Every structure is written in C-alpha cells, then in structure tokens.
Amino acid sequence: WLSAVGRWSERGAVAAAVTAALGVALAVYVLLLVLGVVGARSERGVRDSRAPRRLLLVGPSARSDRDGPGKTALFQLLKNGALPRFGTVSSMDARECAVDVNAWEEVQERAQDNDGGKALLKIELVDTPGHPAARARVDAELASARGVIFVVDSSRAAFDASRRDSARALFDVLTHGAVAQLQTPVLVLCNKQDVRDALQPSEVRSGLETELDRERSSREATMAEISVAGADASASSAVPQKKWQRQPLGFSDERFEFSHSSCPVTFAVASVASGNISAVRHFALSTFFPYQFASS
C-alpha cells in the first residue's frame with residue numbers, strides 16, 4: 001500500500017511539473033505575441049509577421065535634388081534631430097536607422113505627467129527610394145512595416161507636376177497584400193506647408209483620389225489584356241504566386257475615395273524644412289504605442 005502511494009505521489013509530482021512547464025511556455029508565447037516577436041493572425045485570418053515597430057517612408061521619385069517631396073530630409077530629421085547643413089540627396093537605395101522616441105517632446109511631456117514612467121522602445125525607420133526601379137524593394141519593405149508615411153510635395157506647382165507619379169506610387173502601397181489585408185495604417189504627409197501656395201490636405205486628397213481612380217482603370221485594362229494574351233499559355237509555365245497578392249483598390253463600380261481603402265488612410269500637414277513634423281511624431285506614437293498615446 002505504501003509503495004502504491006509512493007508511485008502515485010511520483011506521478012502527481014511529474015504531472016505538476018509538466019503542467020507548470022506548459023504554463024510557463026504559454027506565458028512566454030503570449031509575451032512574444034505582445035512584443036510582436038512571433039507571428040499572430042489579423043482579424044482577417046492572415047498571419048501577421050510584421051516587425052513590431054517598423055515605420056516606412058514612401059513617396060514618388062524626386063524630379064531633382066531641390067524638387068522632391070522631402071522624404072529623405074524627413075528621414076535625416078528623425079534620425080539626427082536636425083537637417084544636414086548642406087542639404088540632402090535623394091536616396092538610391094533603402095536606408096534604415098533606430099530612432100529613440102524618448103527624446104520627443106510629446107514623450108517628455110507624458111513622462112513629466114507620469115513622474116518619469118517607463119522608457120519606450122526605439123522604432124525602426126526605413127527610407128525607401130522613390131524611383132520605379134526600386135519597386136521590388138519597396139514591396140518587400142511594405143510586407144514588414146507596421147506603419148507607412150507617404151510624403152508628397154503639397155506646393156501647388158510641384159503637386160500638379162508630380163500628381164500622376166504620386167498616384168502610381170500610392171496605388172502600389174494601398175494595393176499591397178500585406179498593407180491591405182493587415183490594415184497597415186498609412187499617413188499621407190502634405191509636406192512644404194511653409195510655401196505660400198501650398199495646397200490644403202483636402203485639396204491633396206481630392207487630387208489623389210481622382211488620379212488613383214484613373215490609375216485603377218488603367219491597370220484593370222492592362223491586366224485584362226494580359227489575361228487574354230495568356231489564356232492559351234500552358235499550365236506548366238505558370239509563374240508561382242507571390243506570398244502577398246495585389247488587392248483591389250476600392251469598389252470597381254464606384255469612383256475611388258480614400259474611405260473605400262482596405263487600410264486606414266489619414267492626411268496631415270508638415271514642413272520638414274522648418275522642423276514642423278509634429279504630425280509625424282503623433283502618427284508614430286499612436287501607431288506603435290497606442291496604449292500610451294491614443295490616436296485623436
């Protein structure tokens with residue numbers, strides 16, 4: 001009888017140890033999910049393997065070093081806290097850096113209100129080239145980004161001249177499979193608001209909606225031609241599908257509006273040249289630290 005009790009005690013101890021181990025493993029897994037180290041699934045059932053705090057800067061290619069949306073200048077300002085003394089040169093390849101948001105005034109003010117508080121983790125900032133040849137690299141970066149800032153030059157003449165290029169680049173962002181299905185937030189940043197004839201965000205929004213509607217019609221027609229041309233192709237020559245498939249933009253039977261986009265799109269103003277980028281900081285904080293900095 002004592003021997004049987006001993007065996008049952010040993011089994012109970014083993015079971016308790018196994019249960020404890022499983023509990024620890026579950027707790028670690030939940031922690032990794034919260035930190036974004038392991039993939040979770042979005043509300044649409046798509047596996048989310050994006051980096052936890054990766055912010056992507058996107059925009060059309062600059063027409064010259066002095067006539068661009070200001071994307072690279074924004075990268076330098078966020079990276080160093082100041083603009084380069086001799087200006088910037090458009091990026092030809094993606095660049096990235098870690099940005100310590102604890103130095104931002106919004107974070108400093110909150111820390112004072114909370115008697116210091118816990119320091120926030122750094123964010124990963126990526127500046128992507130705007131020229132069409134870099135589309136594959138931009139697509140790859142979009143798959144891992146948790147926030148996207150699309151920079152446009154909102155001065156009237158520059159916006160009118162680059163509106164089609166901006167729409168093409170923005171179309172690629174909004175129809176990217178990861179952005180659309182994981183609902184990655186996109187901020188359209190209307191830069192150069194210090195220019196006298198700068199357009200209001202509502203004007204930039206309206207102009208982009210018109211161009212995006214045209215771009216959608218153009219691409220749908222092109223895809224239809226490709227489908228007809230490839231209808232007789234051998235099934236064995238089919239190209240393997242990419243991980244992220246392009247998603248439709250809005251509703252095909254309605255004029256495009258940003259409210260139709262699968263991902264949230266907001267507009268804000270900035271003047272990178274004068275250091276006025278509070279909208280960028282607010283977007284980053286509310287995107288990556290929503291519990292501390294709720295979006296308003």
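Reader: What makes strand S3 and strand S5 partners, and in which sense do they run, parallel or antiparallel?

Author: Strands are DSSP runs of E with at least two residues, helices are DSSP runs of H or I with at least four, and both are numbered from the N terminus. Two strands pair if DSSP finds at least two bridges between them. S3 (residues 54–58) and S5 (residues 123–127) are joined by four bridges and run parallel, so they count as paired by that rule. For one spot to look at, arginine 54 stands opposite glutamate 124 in S5.

Reader: Before we go on, what kind of model is this?

Author: It's a predicted model, where local features need pLDDT of at least 70 and side-chain atom pairs count only at pLDDT 80 or more, while totals for chains, interfaces and linings use all residues. Residues are numbered from 1 along each chain as its sequence is written, and side-chain values use heavy atoms, leaving out hydrogens and water.

Reader: How do S4 and S5 pair?

Author: In the antiparallel sense, over five bridges. One example is cysteine 97, whose bridge partner in S5 is leucine 125.

Reader: What is the strand order in the open sheet, and which strands are at its edges?

Author: Its six strands have the order S4-S5-S3-S6-S7-S8, with mixed pairing. The edge strands are S4 (95–99) and S8 (265–269), as each pairs on one side only.

Reader: Why is serine 166 called buried?

Author: Buried means under 20% relative accessible area (exposed is over 50%, partly exposed in between, with a 1.4 Å probe and protein chains only). Serine 166 has 1%, so it's buried. This serine 166 lies in helix H5. Contact means heavy atoms within 4.5 Å. Leaving aside neighbours within four places in sequence, serine 166 is in contact with Pro60, Phe150, Val152 and Leu208.

Reader: What makes S5 "mostly covered"?

Author: Four of its five residues are buried.

Reader: Which residues of helix H4 are buried, and how do you know that they're on the same side?

Author: In H4 (residues 135–142), they are Val138, Asp139, Glu141 and Leu142. They cover an arc of only 165 degrees around the axis, which puts them on the same side of H4. That arc is the one spanned by the directions from the helix axis to the C-beta atoms.

Reader: What do those buried residues pack against?

Author: S3, S5, S6, helix H5 (156–174) and helix H6 (177–181).
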